[in-house]
Amino acid sequence: MGPASKKNKKKKPSFRKLLKTSNLKLENKQKNRQFKQQSSAKKQRKEQRKLRQAITDVSHKTLKPLERYKKKLVGEEEEDEEEFLESLPVDMMDEDDLEQIRAMAKKASFLTRDISSCAPAHAKKRKSEQPLEKYEKMPRKMQREEEKELIHLLPIKDKSGLIPQSMEKPVVPEAEEEEDPIDQDEFSKEEEPESVPLLTPQEQLELRAQTLMEKKLRMASLSSAVLADPHVNIKKLKELRAMLMETDPCVAVTVRKLVMVSLLEVFKDIVPSYRIRPLTEEEKAAKVKKDTLQLREFEEGLVSQYKFYLEDLEQTVKDWKQKKQKRSQAVSLQSYKGLAEVAIRCICDLLVALPHFNFHNNIVVMVVPLMRDPDRKVSEMCCAAVSRLLKQDKLGQASLAVVKVISGMVKSRNYNVKPEVLNCLLCLRIKEVEMKKDTEDTAPKKKFMSFKEKRTNLSRMQRKWKKAEEKLQKELLEAEASENKDKKIKLHTETLNIVFLIYFRILKKAQKSILLPSVLEGLAKFAHLINLEFFDDLLAVLYGLIASGDLTYRESLHCILTSFHILSGQGDVLHIDPLKFYNHLYKTLLTLHAGGRNEDTAIVLQCLDVMLTKRRKQVTLQRAQGFLKRLSTLSLHLLPDSSVGILAANRTLMHTFPKCDILLDNEMQGSGVYLPELDVPEYCNPQNTALWELHLLKRHYHPMVRKFAAHLMKGAPSEGSGALSMELSRRTPVQLFEDYSVKDMTFNPPVSRPPSKKKEHFTIGDAFLDSKLKTLIDAALQNQSEQTSLDFTLQNTQPETSMTVN
């Protein structure tokens, strides 16, 4: 071959050039290939249509002789043949082709009629008497070769250069895919007429129990596999979580509940004791060991599955709230509440068990709004979980997150929340805050030497060692895992500021809200931590609430307790005499309820301790004597538990103010008469009276009341025959009130009846006797030595009856 032929010959593109081919060219090639395929398909369909039409025409035609044309002259026929031959492209065809075309031109149309028949070419269409077979009407498929797609492989390097390699892409047979739906349709048609046998209720229960047992075993196997080796079997969490989408309506509700609880226990066991942070791009690109890579995969899978699990729980609660029916209809609307309760319980357990792990703030945002849910069971569950979290939180981060969300919810709902929401704040473990620097960073900052100081004060070797030392100290500070005390105090300070913000907003804008008792109780607990600058305004607001008369007795007691908590802490430097609060408590003491559970007695005892015992230097003797006389009178008409608490408070007062023992003497001290109706303790002349109530209490039916009354009549000695036991003397009045509580309608301590010779005949049923009457009978049996007879009459039950005790 010459050089010209070599130049015209097209060179094969090398593999490197093929790699450099632009994406645009590849897209154009693909479009051209698709266009060619579409055009060839169109042509094929057109040809098939023509053939089908020709077959139908032939099948409907009747056989007729060929049309007879008039014979032309020999000269005319030769001229026509010459014109026809001249019109043919002879130069581009072979001689055999030309002869075939000439023969076909002499015949009739070979596409629209049967050549072998003698029927005319353009006869009218008539229905044939003999229809063709079915397979004759089916269109014929044209055989065509599909373009095979090539896959470029790695080239082979030879002495001559790179040799590109390629192979044909394997084609999936489409015939099997097309036959599948046809077969399925045929099977469905065959199965339709067959009726499914109906099961009896007993068989349905057995089938459900069997299915449920299989699901339980599946859950147990997956859970045990994950717990056995979490790092290897972390992917099985996805299989377990997929069972939350159970679609069998017979067991869907039960299976979903069991899966929720199973995942909860699994996560509580395998979650590490640290927070997993996302990896940076540099960490992902760096080469690590196999163990480190496995640990990273475990952490990534754990966080993703934990996130999906929380989303499923949240979606379950949303479906219950919105009453949204799913397409699958595997779970009815009536079952949504049960599923939602289990989901909320799981969320609450995660809130308490994993406060250090990822997405804890998201859990807080889910739980706190449910604390004000109309459903009582749901709200109590969430409030209890938040209370447990605040009690066990030692660092303060979880408490801060909860308080922030509660503050936002109370403000957004315009203070229309349940009191239980604010009562949870009483569980905060805050004992110390930073008073002067609430917003500044109180953590000590490590001071490092500047460059100038190093240059002037240190030598070159010393600077080198100092640089290494500072670098090491910085790394130690960054790697410090324990929370220092200053950071904890800072978190507590920020938390308490938000709590006081909630309380002050309610005091300012919603004084008639149902949240006011909770606010006053919270202020009473945290009042010693309030900044000094708020004292004057807060005391004015509290006294204004008391003077308004809109508060209940319990709320007014909380106001008094809050005021004295404020004054007992930093308020000592203010030298304020809260005489109005003393007078109000003295005036309202006799309104204390004499029956029921009487929980207000504990608040009264706390007020007495803060107002009189802890402020002994600011309290006058006349004020202490007035309270001692008023409390002795009050103890006559209270239940035994309250009487024991009041007498214990009187004992504390007599120890704190020893000169109060003049009330045990009948002689008058000074001029005047005791005025019990006066509301001011200093001017009621308490020194001119005596504690005659102790003689009545000495004959009380409760043994502890009798013991304390006898102890006070002897001057409340610490030693000697009249002294109390060591156990009773060490207990505070509030503790004694709780120890001898009668809220369960039981006599504490139980009184044993003395042995009697004759049997006691009761004609009155125990169901009709009041518990107080029973205790009166027991006390009478113990005190009286002679035989007595007691007659009891019960109205509206039965005729007069008598009970005789011999």
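Contact here means heavy atoms within 4.5 Å, and helices (H or I, at least four residues) and strands (E, at least two) are DSSP runs numbered from the N terminus. The model is predicted: local features need pLDDT of at least 70, side-chain atom pairs count only at pLDDT 80 or more, and totals for chains, interfaces and linings use all residues. Residues are numbered from 1 along each chain as its sequence is written, and side-chain values use heavy atoms, with hydrogens and water left out.

**View A. Helices α20 and α21 meet in a left-handed crossing.** The axes of α20 (residues 485–509) and α21 (residues 516–526) come within 10 Å and cross at roughly 140°; axes are lines fitted to C-alpha atoms, for helices over the stretch in contact, and angles run from 0 to 180 degrees between N-to-C directions. That angle makes α20 oblique to α21, given that angles under 35 degrees count as roughly parallel, over 145 as roughly antiparallel, 65 to 115 as roughly perpendicular and the rest as oblique. A crossing is left-handed if the near helix is turned anticlockwise from the far one by less than a right angle, and right-handed if clockwise. From α20, Leu 496, Phe 500, Tyr 503, Phe 504, Ile 506 and Leu 507 meet Leu 516, Ser 518, Val 519, Leu 520, Gly 522, Leu 523 and Phe 526 of α21. By class, this contact of α20 with α21 has 11 nonpolar, 2 polar and no charged residues; Ala, Val, Leu, Ile, Met, Phe, Trp, Tyr, Cys and Pro count as nonpolar, Asp, Glu, Lys and Arg as charged, and the others, Gly among them, as polar.

**View B. Helix α16 also crosses α20 with left-handed geometry.** The axes of α16 (residues 397–412) and α20 come within 9 Å and cross at roughly 15°, which makes α16 roughly parallel to α20. Residues of α16 in the contact include Leu 400, Val 403 and Lys 404, and those of α20 include Leu 491, Glu 494 and Arg 505. The contact of α16 with α20 comprises 7 nonpolar, 4 polar and 5 charged residues.

**View C. Helix α23 packs against α25.** Between α23 (residues 553–568) and α25 (residues 600–613) the angle is about 25°, with the axes 10 Å apart, which makes α23 roughly parallel to α25. The crossing of α23 past α25 is left-handed. Among the residues that meet are Tyr 553, Leu 557 and Phe 564 in α23, and Ile 603, Cys 607 and Met 611 in α25. The contact of α23 with α25 has 10 nonpolar, 3 polar and 2 charged residues.

**View D. Strands β1 and β2 form a hairpin.** Strand β1 (residues 150–157) pairs with β2 (residues 162–168) in the antiparallel sense over 6 bridges; two strands pair if DSSP finds at least two bridges between them. His 152 has Ser 166 in β2 as its bridge partner, and Leu 153 has Gln 165. The hairpin has 4 residues between the strands, and Gly 161 takes a positive phi near 145°.
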